[in-house]
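Please look through the sequence and the coordinates below before reading on. The text after them goes from one part of the chain to the next.

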Amino acid sequence: MSVLLLRLAGPLQAWGSAARFTRRTTENAPTKSGVLGLLAAAQGRSRDADLSDLAALGFGVRIDQPGTRLRDFQTAHHSDSGKAMPLSERFYLADAVFVAGVEGEPRFLNALYEALLEPVFLPYLGRRSCPPSQPITIDEPSDTGLEQALRDAKWQASEWYRNRRVGSSRLGDHSSWGAEQLEILLDCPADETPDHTLRDLPLSFDPRHRQYGLRGVRGTQMTLPPAGGGSATAESPTVAPRPPHHDPTAVLPPAAPRTT
């Protein structure tokens with residue numbers, strides 16, 4: 001088995017597992033349905049395509065930068081009648097960064113990795129209004145376990161957030177460095193009792209009848225990793241280098257001028 005890691009960073013993200021009607025909530029971390037939907041879009045799959053191969057992948061996510069919850073009120077009008085639609089309350093995660101991982105057969109994960117490098121549809125972080133601010137791919141799939149891959153991955157948090165988290169250590173106060181933790185959320189094995197459950201296992205993305213199954217989730221924690229992986233120390237609280245500038249719309253052709 002192999003593991004493909006994804007960097008999920010952007011100004012806004014929204015990962016709903018129970019978003020209904022006019023109140024559209026978000027979980028505190030990416031959902032399996034949201035990440036698999038991103039991968040399906042990168043491959044160019046239609047909404048009614050078979051998802052069984054994606055749903056069978058193992059899934060986990062590490063919360064590198066939790067972000068802050070943001071609430072927005074939105075209005076809309078019917079495109080045909082112009083009638084005002086009900087007021088919509090939507091929640092987002094602002095300035096959040098996650099490392100998500102999927103585990104499966106190496107050839108399939110290599111195909112997903114290639115699709116992310118040249119996606120058919122523009123990827124977004126849960127909702128179309130949430131484009132990524134950094135490249136989603138971190139590296140090629142690796143032959144390791146999912147949990148170990150998440151533990152070994154470089155810390156992907158923003159520079160300002162890393163500076164705030166390790167600032168006391170740089171000033172000579174090392175008392176809290178070893179206690180700093182990152183949370184990891186993983187698929188719970190069928191023979192174990194999950195910490196909680198989410199209805200985020202995608203069975204169908206068909207807009208006429210979306211279907212999701214229940215998924216057990218277990219949580220664990222790890223100490224902050226340095227830039228090269230492994231365990232961080234108070235004496236050398238190194239962090240990942242700043243990623244290159246990324247514009248997810250750079251390859252799109254300019255819009256044709258409107259004629260009147």
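The model is predicted. The buried set consists of Lys32, Ser33, Gly34, Val35, Leu36, Leu38, Leu39, Ala40, Ala41 and Ala42. An α-helix has 3.6 residues a turn, so residues three or four places apart point the same way. After H1 comes glycine 44, with a positive phi near 80 degrees.

H1 also takes part in the largest nonpolar core. In soluble globular proteins, nonpolar side chains tend to be buried together. The largest nonpolar core here has 37 residues, and the members that touch the most others are Leu8, Leu39, Leu54 and Phe98. At least two residues of this core come from each of strand S1 (2-13), H1, strand S3 (58-65), strand S5 (88-104) and helix H3 (106-117). Leucine 8 shows how parts of the chain meet. Not counting residues up to four places away in sequence, leucine 8 touches Gln13, Trp15 and Pro30, as well as Val35 and Leu38. Further along the chain, the residues that leucine 8 touches include Ala96, Val97, Phe98 and Ala100, and also Leu125 and Ile136. Another core lies apart from the largest one; it has 16 residues, among them Leu5, Leu146, Tyr161 and Leu224.

The next topic is the pairing of strands. S3 and S6 run antiparallel and are joined by 4 bridges. Arginine 62 has isoleucine 184 in S6 as its bridge partner. S6 also pairs with S8 in the antiparallel sense, over 7 bridges. In that pairing, aspartate 187 has valine 217 in S8 as its bridge partner. S8 pairs in turn with S7, again in the antiparallel sense, over 6 bridges. Opposite threonine 197 stands glycine 216 in S8. S7 and S8 form a hairpin, with 6 residues between the two strands.

Charged residues link several of these elements. Side chains of opposite charge can pair when their charged atoms come close. The structure holds 9 salt bridges. One of them joins lysine 32 to aspartate 187, with the closest N and O atoms 3.3 Å apart. Because lysine 32 lies in helix H1 and aspartate 187 in strand S6 (residues 181-187), this pair ties together parts that are 155 residues apart in sequence. Lysine 32 has a relative accessible area of 4% and is therefore buried.

A second salt bridge joins aspartate 200 to arginine 215, and here the closest N and O atoms are 2.8 Å apart. Aspartate 200 is in strand S7 and arginine 215 in strand S8, so the pair links distant parts of the chain, 15 residues apart. Both aspartate 200 and arginine 215 are buried. Through shared partners, salt bridges join Lys32, Asp187, Asp200 and Arg215 into one network.

Glutamate 147 and arginine 218 form another salt bridge, with 3.1 Å between the closest N and O atoms. This pair links distant parts of the chain, 71 residues apart, with glutamate 147 in helix H4 (residues 146-152) and arginine 218 in strand S8 (residues 211-223). Glutamate 147 counts as partly exposed because its relative accessibility is 24%. Arginine 218, at 24% relative accessibility, also counts as partly exposed.

Two single residues remain. Serine 204 lies in strand S7, residues 196-204. Its relative accessibility is 14%, so serine 204 counts as buried. The side chain of serine 204 reaches the backbone nitrogen of aspartate 206 at 3.2 Å. Beyond its neighbours within four places in sequence, serine 204 is in contact with Leu51, His209, Arg210 and Gln211.

Glutamate 118, by contrast, is exposed, with a relative accessible area of 68%. This residue is found in the loop between H3 and H4. The C-alpha atom of glutamate 118 is separated by 7.4 Å from that of alanine 42, although the two residues are 76 residues apart along the chain. Alanine 42 is one of the buried residues of H1, which brings the account back to the helix where it began.

Notes: Residues are numbered from 1 along each chain as its sequence is written. This is a predicted model: local features need pLDDT of at least 70, side-chain atom pairs count only at pLDDT 80 or more; totals for chains, interfaces and linings use all residues. Side-chain values use heavy atoms; hydrogens and water are left out. Buried means under 20% relative accessible area, exposed over 50%, partly exposed in between (1.4 Å probe, protein chains only). A nonpolar core is a set of buried Ala, Val, Leu, Ile, Met, Phe, Trp, Tyr and Cys residues joined through side-chain atoms within 4.5 Å. Contact means heavy atoms within 4.5 Å. A polar contact is a pair of N or O atoms within 3.5 Å; within protein, one must be able to donate a hydrogen and the other to accept it, and residues adjacent in sequence count only if both atoms are side-chain atoms. A salt bridge is a side-chain nitrogen of Lys or Arg within 4 Å of a carboxyl oxygen of Asp or Glu. Two strands pair if DSSP finds at least two bridges between them.
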